[in-house]
Amino acid sequence: MKAAITAGDGEVQVVERPDPRVPRAALVRVTAAGICGTDLKVLGGKVAALRPVVLGHEVMGRVEVPAPGSAIPAGARVVIDPSVHCGQCEVCLRDLPHLCPNGGLMGRDFDGGFAGLVAAAPERLHVLPDEVSDADGVLVQMLTTCVHAQERLRPRLGQSGLVVGLGATGLLQVRLLAARGVAPVIGVSRSAAKRALAAGLGATITAPPADALDVVRDVTGGAGVDIAVEAVGHRDALVQAMTAAGPGGTVLIFGTIAPAADGLPTYDWYLKELTLVNTRAARPRDFTSAIAAIRDGVVRPGSLITSTYPLDDAAAALAASARPDQIKVTLSIGQAAS
């Protein structure tokens with residue numbers, strides 16, 4: 001099979017690899033995969049990872065060989081949960097399998113889905129109903145991270161919200177906040193095109209970063225927002241979210257902020273009694289919620305796909321995904337008989 005691999009040196013190679021053979025696992029013929037910022041960090045050697053490694057953790061496909069005894073048959077269209085966990089440690093037993101210290105992630109700790117075939121335990125497979133298109137299906141895993149964040153955030157009808165950063169996940173946060181009755185929802189981005197997308201997904205008003213705090217003051221009568229989401233992964237965005245939050249507000253730190261991010265307005269934590277909510281990855285049950293949200297028409301993540309490349313052009317696809325004019329880049333990897 002073909003697979004896109006990296007040694008973490010910034011280079012991507014599409015090579016021939018043996019088909020995976022894992023006892024008691026299902027064999028999934030990969031049809032499509034999404035490209036995530038984590039893939040770029042693994043590619044550039046910025047995170048610890050298996051070397052070399054097949055990239056990719058946003059993966060969908062069709063079951064080619066079912067796992068022994070599994071209820072998921074050959075031909076089933078599935079999305080793969082990219083995380084593994086031991087199920088036995090204290091963290092797992094506290095219903096936090098996504099935080100398992102013994103766990104790992106496809107495309108980082110073990111080979112990922114930028115390949116023709118992937119072997120996966122049957123409990124990591126989530127069947128996609130017919131109502132979920134392939135375009136939406138390939139982005140289910142990305143949506144699960146937003147669903148998980150929203151569950152920790154617990155937005156309520158009538159609250160006001162702000163989303164700083166309107167990349168793919170920021171736009172999904174806008175949509176999910178609006179769907180839960182948060183109003184107004186203010187979307188912040190330097191990109192006029194992304195602000196226009198946010199307006200179409202439920203943002204009441206949008207603004208560039210330079211105007212965001214003035215807009216928040218105008219819209220909330222100076223009170224600040226109830227919910228502020230940082231969806232960039234940059235200190236300045238978190239500062240803006242914390243500053244925009246009103247007394248008793250909640251700040252969702254969705255982006256991955258560098259450990260050395262200093263200069264935060266920490267006095268605001270005290271002065272406004274802010275609640276800071278962090279979030280990481282997703283739980284297995286978040287896949288059920290995300291698939292249901294797509295099936296029921298709450299959200300259409302596939303509408304955020306701006307470019308699709310064949311697996312042979314994986315290097316070009318990864319380069320494109322780093323460009324600010326792209327929202328979400330995917331790979332078309334193969335087709336399997338239904």
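## Terms and ground rules

A residue is called buried when its relative accessible area is under 20%, exposed when that area is over 50%, and partly exposed in between, with a 1.4 Å probe and protein chains only. The model you are looking at is predicted: local features need pLDDT of at least 70, side-chain atom pairs count only at pLDDT 80 or more, and totals for chains, interfaces and linings use all residues. Residues are numbered from 1 along each chain as its sequence is written, and side-chain values use heavy atoms, with hydrogens and water left out.

Helices (H or I, at least four residues) and strands (E, at least two) are DSSP runs, numbered from the N terminus.

Let us start with charged pairs. A salt bridge here is a side-chain nitrogen of Lys or Arg within 4 Å of a carboxyl oxygen of Asp or Glu. The whole structure holds 15 salt bridges. One of them joins the side chains of Lys2 and Asp312, with 2.9 Å from N to O. Lys2 belongs to strand β1 (residues 2-6) and Asp312 to the loop between β17 (305-310) and α11 (314-321), so this pair ties together parts 310 residues apart in sequence. Both partners are partly exposed: Lys2 has a relative accessible area of 37%, and Asp312 one of 47%.

Another pair is Arg77 and Asp134, whose closest N and O atoms are 2.8 Å apart. Because Arg77 lies in strand β6 (residues 77-80) and Asp134 in helix α3 (residues 134-137), the pair ties together parts that are 57 residues apart in sequence. Arg77 is buried, at 10% relative accessible area, whereas Asp134 is partly exposed at 44%. Asp95 and Arg285 form a salt bridge too, with 2.9 Å between the closest N and O atoms. Asp95 sits in the loop between α2 (90-93) and β8 (104-105) and Arg285 in helix α10 (residues 284-295), so parts 190 residues apart in sequence are tied together. Asp95 is partly exposed at 37% relative accessibility, and Arg285 is partly exposed at 41%.

## Helix α7 and its two faces

Helix α7 (residues 209-220) has 12 residues and reaches 17 Å from its first C-alpha to its last, close to the expected 16 Å. That expected span is 1.5 Å times one less than the number of residues. Which residues of α7 are buried? They are Ala212, Val215, Val216 and Thr220. These residues cover an arc of only 105° around the axis, which puts them on the same side of α7; the arc is that of the directions from the helix axis to the C-beta atoms.

The face of α7 turned away from the buried side carries the exposed residues Ala210 and Asp218. Contact means heavy atoms within 4.5 Å, and the elements covering the buried residues of α7 include β11 (161-164), β12 (185-188), β13 (205-207), β14 (225-230) and α8 (235-244). After α7 comes Gly221, with a positive phi near 65°.

In α8, the buried residues are Ala237, Leu238, Gln240, Ala241, Met242 and Ala244. Their cover includes β11, β12, α7, β14, β15 (245-253) and α9 (267-271).

Lys272 itself lies in the loop between α9 and β16 (275-278). Is Lys272 buried or exposed? At 14% relative accessibility, Lys272 counts as buried.

Strands pair if DSSP finds at least two bridges between them. An open sheet of three strands has the order β2-β1-β4, with antiparallel pairing. At its edges stand β2 (13-16) and β4 (53-54), each with a single partner strand, so one side of each is left without a neighbour in the sheet. Four bridges join β1 to β2, and Ile5 stands opposite Gln13 in β2.

With a disulfide taken as a pair of cysteine sulfur atoms within 2.5 Å, the count comes to zero. Cys89 is buried at 14% relative accessible area, and Cys92 is buried at 11%.
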